[in-house]
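User: I would like to learn how to read a few features of a model like this one. Please start with the strands.

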Amino acid sequence: MNPVLPILVFAPAAGAAVLALAPRGGARDPLRFAFGISLLPLAIALGLFFAFDASSASPQFPFSTAWFRSGGVDVRFAFGIDGISLLLIALTALLGPIFFLAAPGHIAQRRREFAAWGLLMQTGMLGVFAVSDLVLFYVFWEVSLVPLYFVIGIWGGTGRARATTKFVLFTIAGSLLLLLALLAVLLEAGTADLFELARGRRLLPASIERLAFLGFALGFAVKVPLLPFHTWLPEAHVEAPTSGSVVLAGVLLKMGTYGLLRFCLPMFPRASAEFAPLLLGLGAAGAVYGALLAWAQRDLKKLVAYSSISHLGLVAMGLFAREATAVEGALLQMVNHGLSTGALFLLVGVLYDRTHRRGLDDFGGVAKSMPLFAALLGLTAFASIGLPGLNGFVGEFLILAGTFSVTPVPAAVATAAVVLSAVYLLGAVRTVLFGPALPATARLPDCTKREAATLLPLAGGMVLLGVLPGPFLERIRPSVAQVVERTRALAQAEPARPEGQR
Amino acid sequence: MSALLPLLVGLPLAGALACGILHARVLVRRHRDPEAAANEALVGGIATGSVAVAFFVAVLLTIRLLSLPPEHRRFEADLGTWIDAGRLKVPARLLLDPLSALMTLVVSGVGALIHLYSIGYMRRDPGFARYFAYLNLFVAAMLLLVLGANLPLTFVGWEGVGLCSYLLIGFWYEKGGPADAGLKAFVVNRIGDAGFLLGIFLLHRELGALDYASVNEAARSGLLPANAATGAALLLFCGAVGKSAQIPLQVWLPDAMAGPTPVSALIHAATMVTAGVYLVGRLHVLFLAAPAVLLVVGLVGGGTALLAGFGALAQRDLKKALAYSTISQLGLMFLGEGAGAFDAGIAHLVTHAFFKALLFLAAGSVIHALGGEQDLARMGGLARRLPATFLCFLAGAWALSGLPPFAGFFSKDEILGGALHGAGAPVLGALGFAASFLTALYSYRLVYLVFSGRENFEGRPHESPALLLHPMRALAALSFVGGALAWIPIWNRRPIAEFLAPVFGGNEAGGGAEHVLVAVLSLAVAFVGFLLARRLWMDRGLAGERALARLPLWRVAAAGGVLDAFYRGTVVRAARVLAIACGVFDLFVVDGAVNGIGRAASAAGETLRLLQNGKVQAYAIGVAAAAGALLLAAFLLGGTR
């Protein structure tokens, strides 16, 4: 019994409770308070990273007590992480403080509420990655969504009502499918333990496996979002305040890809095999489609949002290649995308805070007056388009090389996205940073120390993961190998056709 | 000894970091002008010093390499594992063998000279430290490219030099033109690089190994199936076509001349653009196992050599003329490699690095003296005003034109000799000789238009300072003795080919009466080119130029960007239309469907609300009907269990 994971998960929630209960004048600077609280999970996550046993695929730092029993299933209040969760927890914990550090630039009103919602969201997201019980997973899954609804709904832009409605409808539809599938699995398998389910010696009956897979896959696909369930994302991003966009792109979308990897592949190996061609195709097509859409945008936030769709299409493709290299790359790319897209949203926020504009054509020649901003935007853009030496390359390279080694066609198609990413992102960089300065943007002040403090940790991560991916890959290798081996081995056992058709 | 190997990449990298930090310091205290000069000396010293020391390390290592028996001439430095995921392993391993040693010497040697020149050329530029940070980073990336022992590591350097090229072409970013040119260079290169990546993926799929030794060995032993070898070679050659500006991806290089002239000399003439030639040489066994691809290499090279030769002939911009000349000479190198004469291709790479860097530096000196003028029609008669620059330029042009005793004659001769031996001999040979003729013609055209005849410029140009002239003199000397590296006719020795023999195997192609015949022929061709140039441009000057400019073919060649316009009109426009079409499709069809479902749902809600009428009986009927339906469903679906 190791209480470290529950402490990691609930520390932000405790902070949120303090903020909510404190008397009105009590929290003079709620954003700073929340920032301080969010450093605790970061410190714990760093400790976990170094204490993690890289040679093991079994869940580590377990914590488990009885919760309730229902339908013959023992539902437990259980935590435990493997390499897959570890990386995403580290990412979440890193983006937590940045969420609050970036907020003073654009959150002027109701800061206490904002801070409380932010902390609660942090608990939800950390919980999603740290639990080892299916029911508890679902609880945290839902907990993480509500705060974002309020963050966009209260502090969002003018079109926030429509955006939040769409966001909520999409995610609730996804959640419902998830819930139904989850219950089916629970009752059929007789256990709620995630790792037990993933390791399970026996398969679900084929008909249930198929339906449950579809439920999970659709629920997660909406979240990722995979083509064609993506249209809520650009709207949500455009309306969300900068901090909201950072966490939405950085972590919340990863809950979808995490789900695909944690649940769909190992729990439904035959259905995964059956639907792999479809998902590979959707992933590759989404990578190219998202890139083309990003190119067509004139709004910087939309451009970044569509680039997310492109990058996550690549991740989904890597996952459903069901090959160790590609899956490791996909997992690494989730972290990479969190760093680089988080940074891109922060950078767009820096411009927006100064000008209240986001259009590509509203800027020009900014590099002259904002050299630090220019350097950071350049670095982030090159990380995002996969320049070797920075993080994006390692992920992309592994995904594409691994996928190509089992199914060359989708990998070859997705490689086009690599070319297009340079076109749209460097094109945007060219317009914003270079050329003669526009009168309106000729004298913008460079990044402040606070802004630099939000961006530099991400920039450091981009370089670190690009130059030394070893410590990260090492920690995920056993877990990924286990998932891939099981998925591959059982997929060949028997095809996932409903009994009636056999 | 191999412990020194990482220094080759590490020194310029450290220099780049130091310059970057100094640049940041300049930004912080940008108003203090007196400090700028001191800062420039410091930055220039660090940057040049780091590359110069790297050069001496390279010399040291090469001497050690030569002391070993030929079959053992390789140093390896293992720096651990870079990537290890699943089946894919990429060790961080550097390899110094004769081929990479030669490249390292050229890159660090010419690089150090151009760094030195840059101190003078970039004096008082507000981005002085930034410039040297980029330039040092370039050298580090280029050395990683040549020293990497496997394809992914070379790819890191490959994209790294692309990044520096992008940054340096667009160095004067406040102007839109350079920024656009940098973007274009990066994007066009990315298209080729996609091929490079796919080639790596294919080799990974087929072999699981990506280091050069394994790939070459697998191609030699037949472990790699023939069509996989063909596919991989062709895909990797796509990368080479992009980086080395061969048809159809040559369009970025003329635009790249928007960068500072020393950058054009180092990156876009002497080193980076030769990376494709190096890659083909590095994987020569793979290419030999794919004869069809090797023929493509030769034909693409020969075709590019010829067409870019015409382009070089008709340019009015001094730097663009040199850029087309570079494209053409790179084509000749590929032509040699395509004919199987890999050592000849590499030998020409080396001599070309000397004389083309020299030509660019001399051109920079001219442009500097004329206050930024690049138009050939506004030069002329400069030999009297800029005597030292004139002599250097003449040495470079002489070497380029392929006339003895300068270097170009000897290395080009090797290529032509090889072309007449390899596959596709008649075609490749004809292309090679035609390109050689054009080379001599356009080389001397430049000499005459810039340095002889009437003065068509304003002002009183002054000779450049010693800091600019010394590196040019050093390169002029190399352009003179460089030929001896390729071929020493009296003893019939080929130092470069012999040095490279452990990599490429002995090349028995040359020698004997046949070789003399080739030499005489190429000499004759070049001499005719020279005489024609003399007649057209020395005797008639700009008048001759104007007469030629009326020829329709000349105009096509001068436009140079025929293919450019074609791409803009077709590929780029089609992709752009596709992107916008996707945008519309996404908005109206995909999102439209979503919104339609939303509207349908709310309409359904409105309808269903009528059911909620408060009558308990109606509810009971509903509950009963639903229960019945569920039972029926359970019966139908669960029947098999």
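Analyst: Helices (H or I, at least four residues) and strands (E, at least two) are DSSP runs, numbered from the N terminus. Two strands pair if DSSP finds at least two bridges between them. This is a predicted model, where local features need pLDDT of at least 70 and side-chain atom pairs pLDDT 80 or more, while totals for chains, interfaces and linings use all residues. Residues are numbered from 1 along each chain as its sequence is written, with chains lettered from A and ligands numbered from 1 in the order written.

User: How many bridges join β1(B) and β2(B), and in which sense do they pair?

Analyst: Strands β1 (residues 75-85) and β2 (residues 88-96) of chain B are antiparallel, with 8 bridges. One bridge joins B:Ile83 to B:Val90.

User: What describes two packed helices?

Analyst: The angle between their axes and the distance between the axes. Axes are lines fitted to C-alpha atoms, for helices over the stretch in contact, and angles run from 0 to 180 degrees between N-to-C directions. In chain B, α17 (residues 387-401) packs on α19 (residues 425-451) at about 165°, with axes 8 Å apart. α17(B) is therefore roughly antiparallel to α19(B), a term for angles over 145 degrees.

User: Which residues of α17(B) and α19(B) make the contact?

Analyst: Contact means C-beta atoms, placed from the backbone, within 7 Å. Among them are B:Phe390 and B:Phe393 of α17(B) and B:Tyr444 and B:Phe451 of α19(B).

Technical notes
Angles under 35 degrees count as roughly parallel, over 145 as roughly antiparallel, 65 to 115 as roughly perpendicular and the rest as oblique. Two residues are in contact if their C-beta atoms, placed from the backbone, lie within 7 Å.
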